[in-house]
Amino acid sequence: MEITIDKACCKGCGICLKACPKSVFGKSRKRNNYGTAMPEVKNAEKCMACGACERLCPDGAINVERKAKE
Amino acid sequence: MNKLYETYIKKEALPTLFCSGCGNGIVQVAAMEAMEKLGCKDEVACVSGIGCSSWIPCYYKLDVLHGMHGRALPFAEGLKLARPDKKILVFTGDGDCAAIGGNHLIHAAARNIDLTVIMVNNYIYGMTGGQKSPTTPKGSVTKTSPWGSMDEPIDAVKLVMVLGATYVARWTTAHPAQLAKSMAEGMKHEGFSFIEVLSQCPVQAGKSLWKEKDSYRIMETYKRMTKSCGSLEEAGEGKIPIGVFRHDNQREEYASKLKTVTRKQKG
Amino acid sequence: MIKRKEGSLQKETQVVLQGNEACVKGALYAGCSFFAGYPITPSTEIIEMMSGEMPKTGGAFIQMEDEIASACAIIGARWGGSKAMTATSGPGYTLMQEAIGFAAVTETPTVIVNVQRGGPSTGQPTLSSQQDIYQARYGSHGDYEIIVLAPSSVQEMYDFTIRAFELAEQFRTPVILLADEVVGHMREKIMVREGCEEIRSQRQKYVVSPQADFFKGANTMVEGQLHDEEGRRIGHVAEKSGQFIHNINRKIQSNLDILSEVSTYCMEDADIAIVAYGSVARPSLNAVKHARGIRDDRMLPKVKMIKDLFKRGVGEMIHTDYSHLKVGLVKIDTVWPFPEKLLKQVTKGVDTVIVPEMNVGKYCREVQRVLKDKNVVSMPKCGGNIHTPMEILDEILKMAGLEKKKVGR
């Protein structure tokens, strides 16, 4: 699974941190273009591609690329 | 960036003017998902009124009419009757739809004209800075109800049910998949489709109604407040029913009635 | 009446119609295919007839819940590609003002008919007035320009409706047909054209922000906030917004030569001019004829004259020859934008101007503003009755320095 967070779109609301059932996202010290705290992908291996973060990110900043299992 | 943004969003207009954590973005994504599901992008035009939620379609790569406060429905009705073959998606808010546009809502629902109305209900006037709206719970302290709101809140879903809207649903931003499915059903449905979305306003409603600034916690509150069920009565005391309450294909749609008359008269 | 402008090559047929009916006929000829309205006296005949006629031509008719909705629905329909119109009166016109401003700022070609009645408020639903002359121009909030046509006969109700659709498309702006109860309800013999005219939108030439109709794949953005060429909001940027306001006003102001239309009668050698618009131009014309001693071939004035003779006595009767009075009429057809240049031109040799109107004397202020060097006299009349030719003639005599009773003895 490849999860990307767009720095330009993210506004740092933190919905993804709590919405992910597998706690894939974690807080980071990075800042988005808005200047607010941006999440980062901490546990990518846990992702089961449910799409909750994509649907719930109000700014469309998250993209989950589903890859076939190797 | 969300995959759907490529097809549906004018990227040069980003970032959206919504506050961080605003539910409008979730509704925006859900509507894109619905259009993608139906594959009907070229058949859709959006109409909206004035208010935070009325900015939702302004970022779409579609034909958009960003109209006057409360008048999204009459604009949409005119557009629909001029192009009955197309799908018209109306984005409106609780103030836009149930207060200033209440009269239009009543008549559009009674006509059963083929529009898909998405009423984004954040329980407050967000854009003007947190004043009481027609859906604000009784007793709530807002900027214009400093001693607690005295008005009974209006339930727009109940209202359009009574008037005979033929597709009625309510979801929250915490149910984005169901919401997208409902939007797709509503767009496919021939008749007046009304979908209310309980949406979080972490800035204004968060301050005065929920005493909570965190978007996700407000969404959790919505989850607790609501109960998914098939009819308005099932939810029980103190719970807001969510789900699809009506999906009726029997009643004839307004534009097609008009078409029948035209065919007869024109010969 | 004043001679009709030539120009149409279509076959014409003669019919007797009411003003409101003629308006509908004109709209249908101009290709109107959407009508939304709400019944209100004295414009009701328009919505009634439209409800029957629209389906016959394949158009759409809808009776909306109020005038606000009607004005919005025609804007929506126009973006859907249908030429659209609504008709109203008095209070209904007031309700439409926000939508008229929206149509002006989004450059939506729409036609709004206002069959004026007496106001304010419910006012005089069944009587005529010209009290909305300023509302037609300044009704919506903010700075915008608008085109307003004032018909004075049933024929003009027909012709001006067609012209309204043409101008709306040409300048991409709402056009107001400012009729009144008198022309709306009178019946006259008129010429109507056969078939239907195709009016094309000329968006490239005149428009500030050119936008395609919906469903053309152009991602049209219709925005009520001040916007740039692509419909993106600029309401928060002062400089750009200022430019926008400037442009949208210039679109009409700089085309006064094309837009302005006035009709004149006996103005070649006139010393006194009557400047009138709408139905009041009719008694004004009669007054000019009396003053000039031009015989009217119609029967009705003669019958009325004899009636007056018995009622008012010979001393009061003044239908003798005044051919020495050099009086002319200027009938303003496009009341807004104010035809400054044209009015100055046609009143060049005149020293006195009389402005009769069915209100407290509003339009007269504009005339005074433009004709500063002349003696401009207002002749207001309120209450719902139109000026009689006699009243206007009396005013002419007064201005000419002639006492009524002394004349003609």
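Here is a walk through the complex, from the chains down to one strand and then out to a domain contact.

This is a predicted model, in which local features need pLDDT of at least 70, side-chain atom pairs count only at pLDDT 80 or more, and totals for chains, interfaces and linings use all residues. Residues are numbered from 1 along each chain as its sequence is written, while chains are lettered from A and ligands numbered from 1 in the order in which they are written.

Start with confidence. The predictor gives the complex an ipTM of 0.96 and a pTM of 0.94. Where pLDDT is low, the predicted coordinates should not be read in detail.

Now for who touches whom, with contact meaning that the C-beta atoms of two residues, placed from the backbone, lie within 7 Å. Two pairs of chains are in contact, and chains B and C share the most contacts. Chains A and C don't touch, with 19 Å between their nearest C-alpha atoms. Between A and B, 20 residues of chain B meet 20 residues of chain A. On the chain B side, H2(B) gives the largest share, four residues. By class, that side has 11 nonpolar, eight polar and one charged residues; here Ala, Val, Leu, Ile, Met, Phe, Trp, Tyr, Cys and Pro count as nonpolar, Asp, Glu, Lys and Arg as charged, and the others, Gly among them, as polar.

Inside chain B, have a look at strand S1 (residues 44-48). Helices (H or I, at least four residues) and strands (E, at least two) are DSSP runs, numbered from the N terminus. Five of the five residues of S1(B) are buried, so the strand is largely enclosed by the rest of the structure. Buried means 20 or more other C-beta atoms within 10 Å of a residue's own, exposed means 12 or fewer, and partly exposed is in between, with C-beta atoms placed from the backbone. B:Val44, B:Cys46 and B:Ser48 cover one face, B:Ala45 and B:Val47 the other. Strands pair if DSSP finds at least two bridges between them. S1(B) runs parallel to S3(B) over five bridges, with B:Ser48 opposite B:Phe91, and parallel to S2(B) over four, with B:Val47 opposite B:Leu65.

Chain C, finally, is assigned domain 1 (12-193) and domain 2 (264-399), with bounds from an automatic or database domain assignment.
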